[in-house]
Amino acid sequence: MKKNQNTQPALKAVFEDDFYIGAALSLNQISGNEPDSTALVEKHFNSITPENILKWEEVHPEPKKFNFEPADRFVALGEKNNMHIVGHTLIWFNQTPDWVFQDESGNSLDRKALLERMREHIFTVMGRYKGRIHGWDVVNEAIASDGRFKECKWFEIIGEDYVLKAFEYARQADPNAQLYYNEYDLEKQPKREAVLRLIRDLQSKGVRIDGIGIQGHWFLDYPSIEELETSILALSRLNINVMVTEMDIGVLPFYPVDSELMDLASFDPETQKKYNPYPDGLPDSVQKDLADRYGGLFSLFHKHRDKISRVTFWAVHDGQSWRSYMPISGRTDHPMLFDHHCKPKPAFDVVVKTAQSRK
Ligand code: GLA
């Protein structure tokens, strides 16, 4: 560890009385191949989430094949460091293989067969880590931006109650695990209202849900602090934990996420420059904007620390962030508190100060 990093306060200590400070870990980090990342994780974070290795396509790639080795390591790492361990994610429309929705001849499953497959997956994956993974993102991203259910195979074949069924199976698989619903764009009203309705409906049917995850893939200028505060307050009225689960602040120009994935090299040089303006590092002015932005967000989280139970960053450092390869691959984004060399950025100091000055 570099000398100056030893003198930095630990984020988890700074926010000890407020909420867990989490990080999403890549396979490389889980495998111990990035010693600098491991040092940051062990020093600063008291909660971990796996970026990919518990998604269906990774942990259950074929009907009778489960790949638990990476997840075993992930859980062992969390236990060694006495961390709050989060499983991500059981039921999602994305990163789920096609076979999940088909029989052996490639025909679409019916509702009953798909529910059985869902149950088997949840019982097998959660069951293996019963009592060891403390909270699960049971369902990820079920609602579309217009507030309707997102069109996906789970919804198409099972119907609206696929969410309810997933929570029921998860509760049976590990009655003591916390169960979460995880979603993006909760700052936008139609979606937020729909998610509130969905969760209230589950609650009215006796389904216990313990937390709502606000993903937090944000930008320097979006969403506003006011919009986010409205969301935190509205979601907290569900009387469940509110969590920020996938935080990162993209500093590159926005490119529509729903468009096809692009490769930066396929653009002409001028467009490349436009969409990838900081390949060699952040200019001081943008570094400051990022620090101010993080400061504003953490002031808000700290203000609502009675409602927020965890803030998880969706990477340990800039070099790991998905934002450099989605929706355009080959860019260099700078969304985290630690830079491409695992060094704390000005945003780190601002986040620490914001919390300390409000104690
Ligand atoms: C979603 C998912 C995450 C991750 C991110 C970034 O938010 O929940 O698992 O895939 O997108 O790609």
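A cavity is a set of grid points where a 1.4 Å probe fits but cannot get out. The legends below apply this term to a predicted model.

Figure 1. The largest cavity has a volume of about 40 Å³, and the second largest cavity has one of about 30 Å³.

**Figure 2. Close-up of the largest cavity.** The lining of this cavity is formed by Leu-25, Gln-29, Ile-30, Thr-38, Val-41 and Leu-77. Two or more of the lining residues come from each of the elements α3 (27–30) and α4 (35–44). Classified by residue type, the lining of the largest cavity comprises four nonpolar and two polar residues, with no charged residues.

**Figure 3. Close-up of the second largest cavity.** Lys-55, Trp-56, Thr-89, Leu-90, Ile-91, Trp-92, Asn-94, Gln-95 and Thr-96 line the second largest cavity. Strand β3 (residues 84–91) makes the greatest contribution to this lining, with three residues. The lining of the second largest cavity contains four nonpolar residues, four polar residues and one charged residue.

Figure 4. Thr-49 belongs to strand β2 (residues 47–50). Thr-49 counts as buried because its relative accessibility is 2%, and buried means under 20%. When neighbours within four places in sequence are set aside, Thr-49 is in contact with Ala-23, Ala-24, Leu-25, Phe-74, Val-86, His-88, Arg-310, Thr-312 and Trp-314. Leu-25, one of these contacts of Thr-49, is also one of the residues lining the largest cavity.

Note on methods
Residues are numbered from 1 along each chain as its sequence is written. This is a predicted model: local features need pLDDT of at least 70, side-chain atom pairs count only at pLDDT 80 or more; totals for chains, interfaces and linings use all residues. Side-chain values use heavy atoms; hydrogens and water are left out. On a 1 Å grid over the protein atoms alone, a cavity is a set of points where a 1.4 Å probe fits but cannot get out, and a pocket is an open set with protein on both sides within 12 Å along at least five of seven lines; lining residues have an atom within 4 Å of a point. Grid points are joined across faces, edges and corners, and a volume is the space filled by probe spheres set on the points. Helices (H or I, at least four residues) and strands (E, at least two) are DSSP runs, numbered from the N terminus. Ala, Val, Leu, Ile, Met, Phe, Trp, Tyr, Cys and Pro count as nonpolar, Asp, Glu, Lys and Arg as charged, and the others, Gly among them, as polar. Buried means under 20% relative accessible area, exposed over 50%, partly exposed in between (1.4 Å probe, protein chains only). Contact means heavy atoms within 4.5 Å.
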